[in-house]
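Reader: I would like to go through the labels used for this model and see what each one rests on. Please set each value against its cut-off.

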Amino acid sequence: MALDKDSNVYTIIFATIMVIIVGGLLAFVSMSLKPMQQANVKNEKMQNILQSIGIAETDGVTREEAGAKFNEFITRRVTINYSGEIISDKTAADAIDPLDKLDAFNIDLRKEYSRYVKPIMSKNKGDDEKIKEALKQSADIHFPIFVCEHGGTKYFIVSTSGKGLWDDIWSYLCIKTDGITINGTVFAHKLETAGLGSKINEKWFQDQFIGKTMEENSAFTPIKVLKPGKDLNNHQVDGISGATFTGVGVNEMLARNLAVYYNFFKNNPEFTK
Amino acid sequence: MSEEKKSEPLFSKKNIQLIKNPLNQINPVTIQVLGICSALAVTVQMDNAIVMSIAVMAVLVIGNVLVSLMRNIIPGRIRIIVQLVIVAFLVICVDQILKAYVYDVSKSLSVFVGLIITNCIIMGRLEAFALGNKPWASILDGVGNGFGYGLVLVVVAFFKEVFGSGTLTIPGFEKFEIFGNATDLTGLYAMDYMNNGLMLLPPSSLFIVGIYIWVQKARNPELIGE
């Protein structure tokens, strides 16, 4: 029997069968590759945290090694809120439970930024006090701190997120026991212009932050990216030529987030001991 | 179907042409001006361009085969939709596989893998070739056009990366620093050489593709239209 390929019935049956087959195959592909993809994302985060510490042992750690080394170096994971209250406190002995949304490792700063921080900032544009007040009120904004103990010294890795020229930027900064000096950084971006803004994740840019402080005369002073080629003080680093707006984004991100961590370390001297 | 046709050698003259022509005479990017979008966007680094070319070729070849196998049962009225579903399916698979196995590359290609779906070369070949030809010829056509696309991408990426970043990244090798290290000011950089920032931006690809077409047409006068 010759099929009438132009009949409606044939067309509909063909489309239905095809969609079912393709849908099933896609679901299968997605399910079977998901564990590997999730492991990649998790290991990359661990790699970033470890690399930002700025000690020789974790310098250049690969994504494959990161999973094993993470528990060796990171001894405590703490989550604080905007007011500096500790809401979650885990040690290396506690396994990272993907369902525990408050575990410092599971805090998704990029998501929190676009979902909660950005609306607050655009609503109160220009009024810094109002923004601070609204950020303080929000229960959805968290700040993770990872404590690394190595060679008898403690390091605190904090995380920040903000917006560059095109899309998300984020960073991990390692702060020394004094609570104000940077020991290492990792910057990352989603979609900054290749060759310009994307250079924030290059070593020379990140290494500039080492040794800079976020305090002047016992008051918080954010670390700033300046236009390249200027004289720099202890709170300033060289920017990237051609990437002014990425620099502006980095400045906003550091000022907003580091203030919270700075206050936390100041108000909890026992934490850094 | 005659016996003669069945015994056509796998690499007959006609079949070889299927691979050779898209490299030059009917190059999908420079002559047909298809797939320009990704040629402009993923050519900042050589390794991205190479992986992108492989991804497009894989989608093109498999898509061609599938459509060619189904060419006698695809209802004419929804053939474009059927092709689109097949391409979309393959692209999502490629994207998922890249994410699982070559995570770093997948990150730097970001949205452009997904945009393979909209690459006109693919739909164009499915509609113009695979729908009317046998699977083996379709495979060759896919390989040929994939190479034709990849060739342009690699050439563009070569000039963009060398003059834009002063480096050359080839998958599996360490990054070559062509003119010395820009940060430590060694090599040519010590003599005040600077990378050309424009080369990193999409417009420079247009210039390079334009020059490519110029050179190509100068060497093949028969390509110049009236």
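Author: Start with burial: a residue is buried under 20% relative accessible area, exposed over 50%, and partly exposed in between, with a 1.4 Å probe and protein chains only. The model is predicted, so local features need pLDDT of at least 70 and side-chain atom pairs count only at pLDDT 80 or more, while totals for chains, interfaces and linings use all residues. Residues are numbered from 1 along each chain as its sequence is written, chains are lettered from A and ligands numbered from 1 in the order in which they are written, and side-chain values use heavy atoms, with hydrogens and water left out.

Reader: Why is A:Asn217 called exposed?

Author: The relative accessible area of A:Asn217 is 70%, and the label needs over 50%. A:Asn217 sits in the loop between strand 7 (215-216) and strand 8 (219-220) of chain A. Strands here are DSSP runs of E with at least two residues, helices are runs of H or I with at least four, and both are numbered from the N terminus.

Reader: What makes the phi of A:Asn217 worth a remark?

Author: Most residues other than glycine have a negative phi. Phi of A:Asn217 is near 50°, a positive value, and the residue is not glycine. A:Ser218, in the loop between strand 7 and strand 8 of chain A, also has a positive phi, about 60°, without being a glycine. With a relative accessible area of 64%, A:Ser218 is exposed.

Reader: Why is B:Asn27 called buried?

Author: Its relative accessible area is 0%, which meets the limit of under 20%. B:Asn27 lies in the loop between helix 2 (13-20) and helix 3 (36-41) of chain B. Neighbours within four places in sequence aside, its contacts (heavy atoms within 4.5 Å) include B:Gly148, B:Val152 and B:Gln216.

Reader: How do you know that A:Glu44 forms a salt bridge with B:Lys107?

Author: The rule asks for a side-chain nitrogen of Lys or Arg within 4 Å of a carboxyl oxygen of Asp or Glu. For A:Glu44 and B:Lys107 the closest N and O atoms are 2.2 Å apart, so the pair passes the rule. This pair crosses between chains, from helix 1 of chain A to helix 6 (residues 103-109) of chain B. A:Glu44 is buried at 14% relative accessibility, and B:Lys107 is partly exposed at 41%.

Reader: What makes A:Arg63 and B:Asp104 a salt bridge?

Author: Their closest N and O atoms are 2.9 Å apart, within the limit, so the label applies. The pair runs from A:Arg63 in helix 2 of chain A to B:Asp104 in helix 6 of chain B. A:Arg63 counts as buried at 11%, B:Asp104 as partly exposed at 45%.

Reader: Why is it said that A:Asp167 and A:Lys190 tie parts of chain A together?

Author: Their side chains meet in a salt bridge at 3.6 Å, N to O. A:Asp167 lies in the loop between strand 4 (153-163) and strand 5 (168-175), and A:Lys190 in the loop between strand 6 and helix 5 (203-207), so the pair joins parts of chain A that are 23 residues apart in sequence. A:Lys190 is partly exposed at 42%. Over all chains the rule gives 13 salt bridges.

Reader: Why is strand 4 of chain A called mostly covered?

Author: Eight of its eleven residues are buried.

Reader: What makes strand 2 and strand 6 of chain A edge strands?

Author: The open sheet has six strands in the order 2-1-3-4-5-6 in chain A, with antiparallel pairing. Strand 2 (86-91) and strand 6 (182-189) of chain A each pair on one side only.

Note on methods
Pairing = 2+ DSSP bridges.
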